[in-house]
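Please read it alongside the sequence and the coordinates shown here.

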Amino acid sequence: MIAVLVAIPLLFAFLTALTIPLRMEKYARYLFLVGALLPWLAYLLMGEGSEVVGGWPRVGGIEVALDIYSSLLVLGELILFSAVALYSVTYFKKEVKALILLLLVHAGLLGTFISRDLFNFYIFMEIASVSSFALVGFSGEKRAIRAAYKYLMLSLLASYFFVFSIGIIYLKTGYLNLELISQVSPSTEIRAAVALALASLLLKAGIFPLHLWLPDAHANAPSPVSALFSGAVVKAPAYGMLLLSLYLPLPESLRNALLVLAFSSMFFGVGAMLVEGDVKRFLAYSTVSQMGYVLLGIATLNPLGAIYYAFAHMLFKGGLFLSAGAMVDKAKARELDKLSYRGDILLMVSTIMLSLAIGGIWPFVGSPAKAALLKGLPYGRELFYLAGMGTLASFTKLNYYLMKGRGEESGTLALPSVMMALAALLAGFSLGGSPKAMDVYLLLGGAVLFLLLKASGLLEIRLEKREITPGDVNLGAALFALFLLLLLHLSQG
Amino acid sequence: MKMSLVVRTTTKLVAPFLVTYGAYLTIYGYESPGGGFQAGVIFAVSVILLMTAYGYRRTRKHFPLRTVQLVESSAALFIVGIAMAGLAFGAFFINFLRPYVPGGTVMTFNIGVALKVGTSFVLVFYILSRWVDRD
């Protein structure tokens, strides 16, 4: 029954597609909304558990599960997609194709988050990413199309290596089911395959040195689509890394490398945010930084922490992109100096709430998620707090710019971000966060750091806007190749 | 862009056989090499051959874009529908047609996939040749 969760959006995606040849495009939005919201019903009716689709034997069948790891991610995806659907219905008035692609991303993500089978995971991740390529370039602007091309080339390169590593695992164990794979004693080849798979998933998740495609793709996509990308699509490869860490052995050296990558990603993201003047690129770099936290949970073998943080990030980053989208679509500009949320009190409150949530302040969802991550962290707590302070400083910067100037009323466009802010608040309470004195110190530290940086004039530095060139793809591919070799070497060490 | 008489006549002769072979692969694919995807590609090739020999405009008269779109999305709907119909017989994706049809749902899936793949390829070629339409 669990697989029905995936079948519903898929069915409605094709029903929506059928409205184009039938010339009934005006009904497409209703079909889209039903397809987006009906999985809620299936999710609420279904209990936890696992099953093999179609009653086949486990060796040949496809196992899906809704357990503590999956159900939280599925819940986050459902909340985020409901808000995105609400925004998209007003944003894509005439473009039925975008609605179909969004439903396909929805189906792909739900399928990814419930899979317990390597090949099935790969297929659904690809359904989500192939639809994403088309959605990035949907506006048809030159920059958007180039960003989509860059995303396509780098992401597909990683996919080929991922499917190659699945092939190695299948060759050595004879299984694709993760539970069965974990019962086979690991060999050198399997360790190499795990390193290959990790390197490709790192690229797809946008972790620091391999993040090159992420800011361009997420910043140039249409507003509701960027919310979905930053919130949910990058979580699919992160979930893959989590599955690998749960069922396959990660050598010590590989885990240390992941830990270094996680911290460098956290700090690189914060640094880039402080000098970025484009609101969507700012949020995209924040995703690079936040994915570092998720990777931290995986590297310290703390799957619950990683899941909590991934869920929290879905809520607040999706919400922030939606509120940024409401401002950007109204003002038709993306520069921080030209935007403001004054004039719309709802948008202002929800943006501030979401900014506090991303900083990990009680009572929002970031607080219990960070606490869960800290529980598994053996050392480097100071660095963790420092990164949190940097995040707060950069979001102080965002709110400082948005507080200035004058904005217009956003009307119904503000509604999705309010929904996400409320969800972040409620989830914070239900995950059981507790107020800590550290929150106040971090908040003050963030504000002081921001003021210091502002006084020193560092915030006036603006990166030059540069065109996306084919050379970028070569650079990304070369970095990926280097990483692949490094991780392969470490896995054998 | 019109090809020579030899090419056009040969294409006209070959295309029906391709369709027959595609149908064979679809229906018999559940227990021999073949299956929906391969059959769909062969269906598409028969239309694409006509397109290269006679040009986009003449092919479009016989296989209109709208019909291709209609068949494409309803074939996909058919596949998901068959999978969901299994719910009434106990489980998602269950092979509930086995006593009645050779191969059970495997064959119906093959038919759906063949139609979907064939029309998708034709659609891709239509869109590409609309872009370079010079005939």
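## Report on the predicted model

Chain B holds five helices and zero strands, where helices (H or I, at least four residues) and strands (E, at least two) are DSSP runs, numbered from the N terminus. The model is a predicted one, in which local features need pLDDT of at least 70 and side-chain atom pairs count only at pLDDT 80 or more, while totals for chains, interfaces and linings use all residues. Residues are numbered from 1 along each chain as its sequence is written, chains are lettered from A and ligands numbered from 1 in the order in which they are written, and side-chain values use heavy atoms, with hydrogens and water left out.

**Chain B as a whole**

Along the sequence, the pattern of chain B reads α-α-α-α-α, and its C-alpha atoms fill a box of roughly 55 × 25 × 20 Å, taken along the principal axes. Of the 135 residues in chain B, 41% are buried; buried stands for under 20% relative accessible area, exposed for over 50%, and partly exposed for what lies in between (1.4 Å probe, protein chains only). Among the contacts in chain B with a separation of 6 or more, 69% are made by residues 24 or more positions apart, a contact being heavy atoms within 4.5 Å.

**Nonpolar cores**

A nonpolar core is taken here as a set of buried Ala, Val, Leu, Ile, Met, Phe, Trp, Tyr and Cys residues joined through side-chain atoms within 4.5 Å. The largest such core has 186 residues, of which Val74(A), Leu198(A) and Leu202(A) touch the most other members. Helix H14 (residues 303–331) of chain A gives the largest share of this core, 17 residues. When residues up to four places away in sequence are not counted, Leu198(A) touches Met241(A), Leu244(A), Leu250(A), Leu254(A), Leu258(A) and Leu487(A). In soluble globular proteins, nonpolar side chains tend to be buried together.

Two packed helices are described by the angle between their axes and the distance between the axes. Axes are lines fitted to C-alpha atoms, for helices over the stretch in contact, and angles run from 0 to 180 degrees between N-to-C directions.

| Helix pair | Angle | Axis distance |
|---|---|---|
| H10(A) (residues 223–233) and H14(A) | roughly 165 degrees | within 8 Å |
| H10(A) and H11(A) (residues 235–247) | about 5 degrees | 6 Å |

With axes that cross at roughly 165 degrees, H10(A) is therefore roughly antiparallel to H14(A), given that angles under 35 degrees count as roughly parallel, over 145 as roughly antiparallel, 65 to 115 as roughly perpendicular and the rest as oblique. In the contact of these two helices, residues of H10(A) including Ser223(A), Pro224(A) and Ala227(A) meet residues of H14(A) including His313(A), Lys317(A), Phe321(A) and Asp329(A). By class, the contact of H10(A) with H14(A) has six nonpolar, seven polar and two charged residues, where Ala, Val, Leu, Ile, Met, Phe, Trp, Tyr, Cys and Pro count as nonpolar, Asp, Glu, Lys and Arg as charged, and the others, Gly among them, as polar.

The angle of about 5 degrees between H10(A) and H11(A) makes H10(A) roughly parallel to H11(A). Here Ser230(A), Gly231(A), Ala232(A) and Val233(A) in H10(A) meet Lys235(A), Ala236(A) and Pro237(A) in H11(A), and the residues of this contact divide into four nonpolar, two polar and one charged.

**Individual residues**

Ser71(A), which has its place in helix H3 (residues 68–91) of chain A, is buried, with a relative accessible area of 12%. Not counting residues up to four places away in sequence, Ser71(A) touches Tyr43(A), Glu48(A) and Leu66(A).

Turning to the backbone, a cis peptide bond with omega of about 5 degrees joins Trp362(A) and Pro363(A), and Pro363(A) is placed in the loop between helix H15 (345–358) and helix H16 (366–375) of chain A. Arg23(A), although not a glycine, has a positive phi of about 60 degrees; Arg23(A) is found in the loop between helix H1 (4–18) and helix H2 (28–45) of chain A and counts as exposed at 54% relative accessibility. Phe93(B), a residue other than glycine, likewise has a positive phi, near 70 degrees, and this partly exposed residue has a relative accessible area of 36%.
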